[in-house]
Amino acid sequence: MDDGFRGLTLTNTMTRRKEAFRPRDWREGTVAEADRCVRMYVCGPTVYDFAHIGNARPVIVFDVLFRLLRHLYGEAHVVYARNITDVDDKINARAARDYPGLPLNEAIRKVTTATADQFHADIAALGALEPTFEPRATEFVTGRADGHDMVSMIETLIAKGHAYEAGGEVLFDVTSMPAYGRLSNRKLDEQQAGARVAVESHKKNPADFVLWKLSDETEPGWESPWGRGRPGWHIECSVMSAALLGQTFDIHGGGLDLIFPHHENEIAQSCCAHGTEAMADVWMHNGFVRVEGRKMAKSDGNFVTIHDLLHTETFGGRRWPGPVLRLAMLMTHYREPIDFSVKRLEEAEDMLEGWGRALKGVEAAAKPGEAFVAALCDDLAGSAAIAELHSLRRSDPAALRAGLDLLGVDVDAFMRERAGSSRIDETALQTMVDQRLAFIRKKNWAEADRIRDELAAQGVQLKDGKDPETGERITSWEFKR
């Protein structure tokens with residue numbers, strides 16, 4: 001019997017161990033073979049500001065997993081949902097700040113539309129595939145014919161004794177779920193409420209969290225049995241994942257910072273509403289991103305957006321191609337913290353340039369190398385997979401190209417962008433090199449240095465040497481990396 005195991009192992013945050021991955025549709029054997037699917041949900045952006053480089057990491061990590069699952073099970077047998085949170089108090093504040101003259105709902109639409117469009121452009125440059133579904137939270141608040149909306153789930157939780165109305169809010173009673181805290185490995189009496197949950201007297205327990213809160217006339221809202229209001233943060237993903245993937249699905253992913261309270265609260269809502277033991281079988285979380293050795297913060301001046309890296313010269317004094325950013329992220333195992341630095345980007349760029357030269361005119365093989373795929377199947381071991389690519393450069397360039405395709409690293413796009421950004425009149429450049437040599441022969445060091453510095457400013461590095469036959473000084477040049 002085919003239980004769906006294809007050699008893939010993944011570290012499950014819930015069990016704290018690496019496990020063989022066997023999808024539900026194969027493992028349970030209740031779905032016809034042609035209809036079997038691997039189902040994955042990943043928490044997406046809250047669209048109030050440009051995505052930063054920390055936001056890019058889960059996009060890249062789970063895009064690689066999406067690609068690998070499609071390679072192992074077939075494109076038609078993988079469903080990937082990544083949401084967009086477009087209702088949030090941060091969005092409200094940004095809309096009021098940026099568009100004070102507009103009605104709030106219109107201002108919110110402007111903010112969320114522009115920010116979501118920018119997010120899509122940024123991650124496309126990073127090589128991310130479009131997910132199968134990209135639900136918006138506002139599409140699932142209330143009134144859906146299929147019953148998969150937030151108001152309906154909240155009503156179910158109240159009816160089953162897991163939620164209560166108090167102080168103008170509907171709150172989830174964490175003591176109603178004995179297994180609460182299992183994902184984050186926290187005992188209930190040791191937990192704090194979390195950044196988005198106020199500890200107030202109307203709560204039965206300090207850790208109870210908001211499912212619904214009332215809106216005043218200046219805030220967006222929907223009609224509900226508890227008055228005009230808006231949903232809490234956590235209920236969104238419980239509803240959207242169930243609507244698109246089912247009550248229990250295979251993989252749920254996101255950043256390490258989402259384990260508590262967000263993912264813990266998702267599990268509580270979903271399991272209690274549906275009467276299931278699990279929301280997802282495998283929980284995966286990527287590690288944090290530091291920038292040049294420090295925690296990223298606007299106050300420290302090291303807050304870097306994807307857009308800035310791609311289009312401005314604010315990081316390392318230059319722009320960075322999307323394939324370089326993607327490869328730099330994959331050089332460290334996804335569960336480990338990563339130090340995002342100019343040095344790391346330069347290392348990734350050097351790798352890409354070497355591969356690009358080796359792959360000129362080479363078509364991709366039908367399959368990547370087996371050792372490369374095996375490395376990826378070992379809990380997405382990116383550094384081990386990259387080591388296998390270095391071996392393939394020498395032994396099987398066609399398989400190297402296929403491997404890069406599976407990683408989503410577009411080496412051809414990198415080479416085109418590099419050629420375009422470094423385009424210079426080579427005849428004029430050689431003339432300047434010859435002029436510098438003439439000044440050196442005359443010992444006019446000031447003019448020789450001026451030409452060297454002028455070329456350096458254009459990204460051209462000079463290398464002086466001697467002609468092996470005549471012993472005369474010669475100068476070669478190359479574009480700096």
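This tour moves through a predicted model by selection, from confidence to the cores.

Residues are numbered from 1 along each chain as its sequence is written. In this predicted model, local features need pLDDT of at least 70 and side-chain atom pairs count only at pLDDT 80 or more, whereas totals for chains, interfaces and linings use all residues; side-chain values use heavy atoms, leaving out hydrogens and water.

Colour the chain by pLDDT (the predictor's confidence in each residue, from 0 to 100). The average is 92, and 95% of the residues score at least 70. Select residues 192-198, where the pLDDT is below 50; this stretch has twelve contacts in the model beyond near neighbours in sequence, a contact being heavy atoms within 4.5 Å.

Next, select Leu 65, Leu 69, Phe 340 and Trp 355, the residues with the most contacts inside the largest nonpolar core, which has 74 residues. Such a core is a set of buried Ala, Val, Leu, Ile, Met, Phe, Trp, Tyr and Cys residues joined through side-chain atoms within 4.5 Å, where buried means under 20% relative accessible area (1.4 Å probe, protein chains only). Helix H2 (residues 53-73) gives the most to this core, with 13 residues; helices are DSSP runs of H or I, at least four residues, numbered from the N terminus.

Stay on H2: 18 of its 21 residues are buried, so the helix is largely enclosed by the rest of the structure. Just after H2, Gly 74 takes a positive phi of about 100°.

Now centre on Phe 340. Among the residues that it touches, not counting those up to four places away in sequence, are Ile 53, Val 289, Phe 315 and Leu 345.

Finally, select Ala 163, Ala 207, Trp 226 and Trp 283, which are included in a second, separate core of 44 residues.

Note on methods. Buried < 20%, exposed > 50% of the residue type's maximum accessible area, 1.4 Å probe, protein only. Helix = DSSP H or I, 4+ residues; strand = E, 2+ residues; numbered from the N terminus.
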